[in-house]
Amino acid sequence: MKNYCATTSTCLSAVKDNLRYILLSALVMIVSTSYAQQVVSGKVKDATDDFSIPGVSVVVKGTTTGTVTDFDGNYRLEVPVGATLVFSFVGYQTVEEVVGNRTVIDVDMGVDVTELQEIVVVGYGTVEKGDVTGVVATVDEALFNKGMLTSPDQLLSGKVAGVSIISNSGEPGGQVSVRIRGGTSITASNEPLYVIDGVPIDNTPHNPGGYIGGRNPLNFLNPNEIENITVLKDASAAAIYGSRGANGVIIITTKTGGNLDQPQVTYDASFGVSKFVETVPILSTAEFIAAMNIWGTRNLDSLGTSDTDWMDLVTQTASSQSHNFSVAGGIEDGSYRLSGGFQTIDGVLKTSHTERKNVNFNLNKSVLNNTLHFKFGSKNAITNDVFASNQIGNAMAMAPTQPVYDPNSPFGGYWEWTDPLAVKNPVAEINLQDQIGESFRSVTNTELRYELPFIDGATIQTNLAFDTQRGERRRYFASFLKSQENNGGSWGLERMTRESLLFELFGEYQTRVEAFDADVTVLGGYSYQDFDSSFPNFSVDSLTTDLFGLNRPAPGDGSIIRVSNPVLENRLISFYGRVNLSVQDKYVLTTTLRRDGSTRFGEKNRWGLFPSFAAGWRITNEPFMGGVTGIMNYLKLRLGWGITGSQEIEDYKYIPAYGLSDAQAQYQFGNSFFPMLRPEGVDPNLKWEETSSLNIGADYEFFDGKLAGSIEYYQKDTKDLLFTIAFPAGSVLADRILTNIGELQNKGVEFEISSPVVQTADLTVNLGFNAAFNKNEIQKLDNSIITGSQNDVVYQVGGISGDVGQTIQVLQVGKPINSFYVHRHRFDEGGNPIEDNTNPTNMYVDELTVDSDGDGKPDDTDGIINEDDLVPFEKPAPDWILGLTSNINYKWFDLSMTFRSNIGNYVYNNVASNTGNFERFRGRVPQNMHESGLETLFNEKQLLSDYYVENGSFLKLDNVTLGFTYDQLEWTTIRIYATGQNLFTITGYSGIDPEIPSGIDNNLYPRSTTYIGGISLTF
């Protein structure tokens, strides 16, 4: 071997020279590479009118290098040799140009009609968006609300005009009230029909007597599995579902394998913390002691010496977590997706908890040269719930000077008042009650669609689906619980089984009539669906031991045991058809007809007919609109009318039957009382509620997609309202029965607009706003007892706390549903309500109730304050529902927000009316008082005062999500995100939360603020 280094110094010198050579070579390569760039410039124009397009994104494909065109449509960009440029802009087709050796590249961009060709899901099929004539709104996954959600309906909150989605309480997994264009019924359900992957499901919640209210039936469906949700709002769109479409239809489509070429694995994990952050409007310990020394001197001996924050003791900082996993991919002529999820959420009320485990599978496959298409879907979930006793009312009422525990107490070591009617220790009530539930639900369906080879454009499809629910509820109240002092403890068990079988067969024929330049689609089908349910239950009082707890009861000789097993069933058979006609790509006509037969009604009224008609006119496709193409890109007018129905009542309400009397009508035999078996009153002529709907609307797009949306006017008239009314004694076998009595009207306007406010290579900002105004009014109420004008017919509803049998709302012709029914309070010069129980006419307005001249109209007062002086005042439903959504993307970051607002809704503050008075200090035992009592100085309850009907208008920041997505790794895409839910509420309402579906605030389970962090991985 040759030695090139004679000495060490020469070796070091050689190494230095080599390093210099290497560094110099590297520098030359870098410089030469940097010079392997070229400058490309050009102009971007509209292909139809040759106008320049400013703001077009010009990006080097596969990189983040790019620019945007200036006001004149010009651009200039330095790009590497061999690059491909991507030109994109909202409302135009994306263009790709290979640079090659060119230095000037001018581009003509064509208007993108993809949005008009977008496929929209409707009943029993799909149509192009441009051919839709009804009021149909679709929300895709990208626009869904984010967060720790338990049911898919929460994804839509604030997203669609005229759709109100309100959680009935803050309970995790609690029931939700959904209203589409207002309620159409008084007694029957106002909830929309839900259709999941083509299967109409039973979404009726089950709330067994004696138990805390149940959960939302949609909780079995993981929101993470939803691809898009479509809302059918008007009758022309919903009439294809006939007897179940009066309240609108929500069509849910779950995720499939899509068009993936290779398997894709995703994993998403999130963790959250929830807090009850609102201030409870009750007196502090110091304020309570001071008030007792003024207004409660008679009870000072019972004051106590503790300093207890009862609200803090029954609430908690709750945690939650969610994990979702999926595998999806393509197979030959098909795709598959298998997914699973686990979610657990604690409530802010101690012991409250919900948990879901779900597994879903979707498979699509085509055979026989793609003429036979097969779809199989299965959605399965097990939910476990712990139901907390709502002790918010007791926590607000319990004197803060009393202790939590007493070692000598016979009530499990908890301190309690000796008075049996006194408020109970809320900590004891929440800890010594156990209620749990477990349920399983599975919706499985199989679709076969065959393209007939001998008739071009004809297909026939079958859908077979099975929906099964199994559930169990258990409850245990310890015998040493103060509220069980007279019962000796209790134990209960109820099991639930619900099954539904669906079979549908329908065909579709599509053809083109060249002579008229028309496309015709005809659909016709048959549907059969049955529902079977049973609710076996067992309960026992007077337990002999508490050792077994929830596991099993311990009845004794004196125990009262109750056993029953209600079994219910109903069937729905339907025939339906629809014709779609599109002429010259300008005029669109749709007509549907459905005939339903339901066993919920007698043979005389079992069948109902539900027609609809709708027309659309694409004005911008007319030749005379050519001059406004650059300003108005799209305008379609729509007109629709139809009839839908409602059959959402209990089964067998038209059949004469016998039932056991309640505790108020028992027969005495010696010293014992026994319930009687007696006939129940029914109306054998029960029939459908029918809602006819008229809709006039327009879809628009301006300035090449920079502004787009719709505007609607609608009127819905419901007749034959199902309602339980009083009958004259002796006319039927009961004093109240369910019958068809009246008419109700909803009318309003809706407006939606969206805009890509900013669109550059690095930054996009999209805003969406929707507003809806709705007014409902009762137009007719029939009652054979009451004579006179229809305005005299009054039904008092809306039970409240504070007095036995007291109500605060009314049904009256000419007024909105559930208007508040109150006395008008008088106020002093300082604006404070007057308190004068000795002379109520000084406190309340004495209304005109005396007809002194006999003309049939009251013209004088009677000097008495009683029920005749109650007047309708405001209503719980809002006048306006507003939603604002923003989506911002900057490079790898994204930010989305959802604001919601209700304007014109009123709330009756039953918490204040019941507890805001000095009776609280002078009663059987001292109780804490609502802060309003220090303002009103009411000595006694004024439950019917309009003072407690407050404006509940609000603005809420429902949802904020900040995310970071990194997709530069070959093996995975990583997304990290943080979400806040229910972050703040701006309102003038004095209570905890103004968003109450019933309009009556009576210590509801509080809603919480939730903070969530998560990570999503896609492989």
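Biologist: Where is L368 found?

Modeller: In this predicted model, L368 is found in the loop between β20 (353–367) and β21 (372–386). Its phi is near 55°, a positive value in a residue other than glycine.

Biologist: Why is L368 called exposed?

Modeller: L368 has a relative accessible area of 54%. Exposed means over 50%, so L368 is exposed.

Biologist: What is the phi of R181, and is R181 buried or exposed?

Modeller: R181 has a positive phi of about 60° although it is not a glycine. The residue R181 is found in the loop between β12 (176–180) and β13 (193–196). Its relative accessibility is 1%; buried means under 20%, so R181 counts as buried.

Biologist: What makes the pair of E355 and K357 a salt bridge?

Modeller: The closest N and O atoms of E355 and K357 are 2.9 Å apart. A salt bridge requires a side-chain nitrogen of Lys or Arg within 4 Å of a carboxyl oxygen of Asp or Glu, so the pair qualifies. K357 has 34% relative accessibility, which lies between the limits for buried and exposed, and therefore counts as partly exposed.

Biologist: How do you know that D585 and R618 meet in a salt bridge, and which parts of the chain does the pair link?

Modeller: The N to O distance is 2.1 Å, and the limit is 4 Å, so the side chains of D585 and R618 form a salt bridge. The pair links distant parts of the chain, 33 residues apart: D585 is in the loop between β28 (567–583) and β29 (587–598), and R618 is in strand β30 (residues 607–618).

Biologist: Why are D585 and R618 given their accessibility labels?

Modeller: D585 has 44% relative accessibility, between 20% and 50%, and so counts as partly exposed. R618 has a relative accessible area of 6%, under 20%, and is therefore buried.

Biologist: What makes D699 and R638 a salt bridge, and what does the pair tie together?

Modeller: The closest N and O atoms of D699 and R638 are 3.0 Å apart, which is within 4 Å, so the pair is a salt bridge. D699 lies in strand β36 (residues 689–702) and R638 in strand β31 (residues 632–646), so the pair ties together parts that are 61 residues apart in sequence. Both D699 and R638 are buried.

Biologist: Which residues does S710 touch, and why is S710 called buried?

Modeller: S710, in strand β37 (residues 707–719), touches R638, A698, D699, Y700, E750, F751 and E752, not counting residues up to four places away in sequence. S710 has a relative accessible area of 12%, under 20%, and is therefore buried.

Biologist: How many salt bridges does the structure hold?

Modeller: The structure holds 43 salt bridges.

Biologist: Which residues make the nonpolar surface patch, and why can W880 belong to it?

Modeller: L589, F613, L639, W641, L694, I696, Y713, V749, W880 and I903 make a nonpolar surface patch of about 830 Å². β31 and β36 each supply at least two residues of the patch. W880 is found in strand β46 (residues 880–890). Its relative accessible area is 33%, which makes W880 partly exposed.

Conventions:
Residues numbered from 1 in each chain as written. Predicted model: local features only at pLDDT ≥ 70, side-chain atom pairs only at ≥ 80, totals over all residues. Heavy atoms only, no water. Buried < 20%, exposed > 50% of the residue type's maximum accessible area, 1.4 Å probe, protein only. Helix = DSSP H or I, 4+ residues; strand = E, 2+ residues; numbered from the N terminus. Contact = heavy atoms within 4.5 Å. Patch = residues over 30% accessible without salt bridge, like charges linked within 9 Å, V, L, I, M, F, W, Y side chains within 5 Å. Areas by Shrake-Rupley, 256 points an atom, 1.4 Å probe, with all protein chains shown as cover.
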